[in-house]
Amino acid sequence: MNRTIDLGARRRTTLLRTSRTTRLGTALAAAALLAGAGLTVAPPASAAADYTQSAISAGTTQVQLAFTPATPARYVDVHYSGVPGVGQQNVRMTEGGGTWRTGVSGLGSGATLDYWFTYEKNGPQFDTPHFTFTQGGGTQAGCPAQPDVPDFGPNVRIFDPSMPAATIQAQLDADFNAQKDTQTAQFADRRVAHLFKPGTYGVHDDVGFYTSVAGLGRDPDDVTINGDITVDAFNASDQGVALQNFWRSAENMAVNPSSGNDRWAVAQAAPLRRMDIRGGLQLYPASFGFASGGYVADTRVSGQTASISQQQWYTRDSAFGSWDGGVWNMVFSGTTGAPANTFPNPPETTLATTPVSRDVPYLYLDGADYRVFLPSLRTNASGPSWAGGSTPGTSLPMSQFRVVKPGDTAASINGSLAAGCNLFFTPGVYHLDQTLNVARAGTVVLGIGYPTLVPDNGVDAMHVADVDGVRVKGLLFDAGTRTSQALLTVGTAGSHVDHAANPTSLQDVFFRVGGELAGKATTSLVVNSDDTIIDHTWAWRADHGNPGTVGWTTNTADTGVLVNGDDVLATGLFVEHYQKYQVVWNGQRGRTIFFQNEMPYDVPDQASWNAPSGVAGYAAYKVGANVTSHEAWGLGSYCFFDTNPAVSSYHAFEVPNTPGVRLHSLLTVSLNTRGSITHVVNDTGAATPSGTVPVNVVSYP
């Protein structure tokens, strides 16, 4: 792929913005007259470095041009030539989240596009230099070499089996004590990662908020913990429940549990991936209190996996010795040892395979050097990707990654992206004064320790171009105090390029509006690219948090997830408390395996919360009226209208009545009988009764 970048500009002031060729010709003629009179033409005034631009291939004949000014512009025009049979074109670009975009069609392989921009800045307008892009010409520049043994910064702990176990345990305990308290650590800025080099360790790691624990082996069994990796209802204030055990993870290790069972009693945004549990796995607190999880993938548990008091759970591409438990919505795909498909009694929904999956990118050691492994795409998968040997795939050296650390600026990160670098985010909180633009196909954006991206001044946090094979994993997007249109946008609206062979994947990517800050974002995630894989996301408009960060007019957010792309697959979709539709799915042939939702707690009155169609309330999961093909399994929506229990929603799921749109295993619940949901899907299903009892629909239609 070909890509160019420039950070400079030349000012143009009083020329009329009519025909670009006429204006240019007039300027050249004036220059010639001045030169003929013996006068010197002054060079254009040089503006500050205040924009980034890119050109990327979006298909065999298409190119996407993007321009991001450092300060908001009232307009941006692009001028280009080089399309065979077409003269110079002058186009007003389309803005979204601070970035202006235009697609160019008709460029065959080898065709060279010449282009430049005109943009407004605080009144005057400026022209950029000319750039060129050759379709199919390959990358013009690469990522400046980074060290293969990088400095991961102060928030990453790297343990070696030669270190005394007591030394390692002391560090684990210190981090846990700083991160464990639900009252003080849940919305703090501290972030940490525990990385274990290949070998065997006799330690116990209690995992607190914003903590990632991972092995640095090529495969899970390269790192063995003779002990425990534990999450429980740790604090007295938790009162024995794990309903707020958010934002923590463990992956890529083998565990020999000290008691025969490992405990992972979590709620949302707390994945367990690529684990080999040599014993049992308990997904509930030791107190048997409620928990609201959860997600497991690419994991083997030799003994029994027990959910017991977990309200819902999703497991993908794993292997269990056996399973026990089921409260409302337990969903399995591609998992050997899973229970039979018996929804709603017990409430287990089981698919033999996962239609499309790709395990997460992960950091590992190759000798003394660090690399990032990129697992291959799987279709109709069952069982862990590593069960028959090493996970298939390729890898990249850390020399091709910019290691991002707290204090790095959005401009410098964008510069690395434009230069062809992948990104490795280390634990920390990153305030962004411009949108991060991921434009190159195959870019990897990998985070450990819950790096948190906060867009300032109303910009969007990140845009991913409509290209093949981008992988985004392990990020928390936290809305800033001025409204962003979207926190993360993937692809270009209206574009339908086939990415089935190498889709973009979003994995363990989480969104938060409110809680830490009085955040605001119209939509958290917008997916325009076809074939995108959304593998475990939690989009959450906060119902609790720091003082002054939560309220109906405080942390405002319309929709959690908006899908416009075709053939998009969501595996593990958690979306809660948004003020209008939680999920809107407009793309064709979409599929969802597992959906968990709570409607907003803080609706002030019914009049404030009626859908445009006139029915009471907004559906949690809305499939667009023009969609003719959509399928989903294991869908649960709950209401808890605590501010005003007189509020109701007419239905939780709203879909077109067409044979190609099918839903399986869906339910509604009124928690503590705070408000009601009249129907489950469209006009089907009874109203929620008292007593926190689910209403189930086995299939629709």
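1. The protein chain carries 3 helices and 54 strands, both taken as DSSP runs numbered from the N terminus (H or I over at least four residues for helices, E over at least two for strands). Please keep in mind that this is a predicted model, in which local features need pLDDT of at least 70 and side-chain atom pairs count only at pLDDT 80 or more, while totals for chains, interfaces and linings use all residues. Residues are numbered from 1 along each chain as its sequence is written, and side-chain values use heavy atoms, with hydrogens and water left out.

2. On overall dimensions, the C-alpha atoms fill a box of roughly 90 × 65 × 45 Å along the principal axes.

3. Of the 701 residues, 60% are buried, meaning under 20% relative accessible area (1.4 Å probe, protein chains only). Among contacts (heavy atoms within 4.5 Å) between residues at least 6 apart in sequence, 65% join residues at least 24 apart.

4. Asp127 is buried, because its relative accessible area is 3%. Its side chain makes a polar contact with the side chain of Thr118 at 2.6 Å; such a contact is a pair of N or O atoms within 3.5 Å, where within protein one must be able to donate a hydrogen and the other to accept it, and residues adjacent in sequence count only if both atoms are side-chain atoms.

Methods. Buried < 20%, exposed > 50% of the residue type's maximum accessible area, 1.4 Å probe, protein only.
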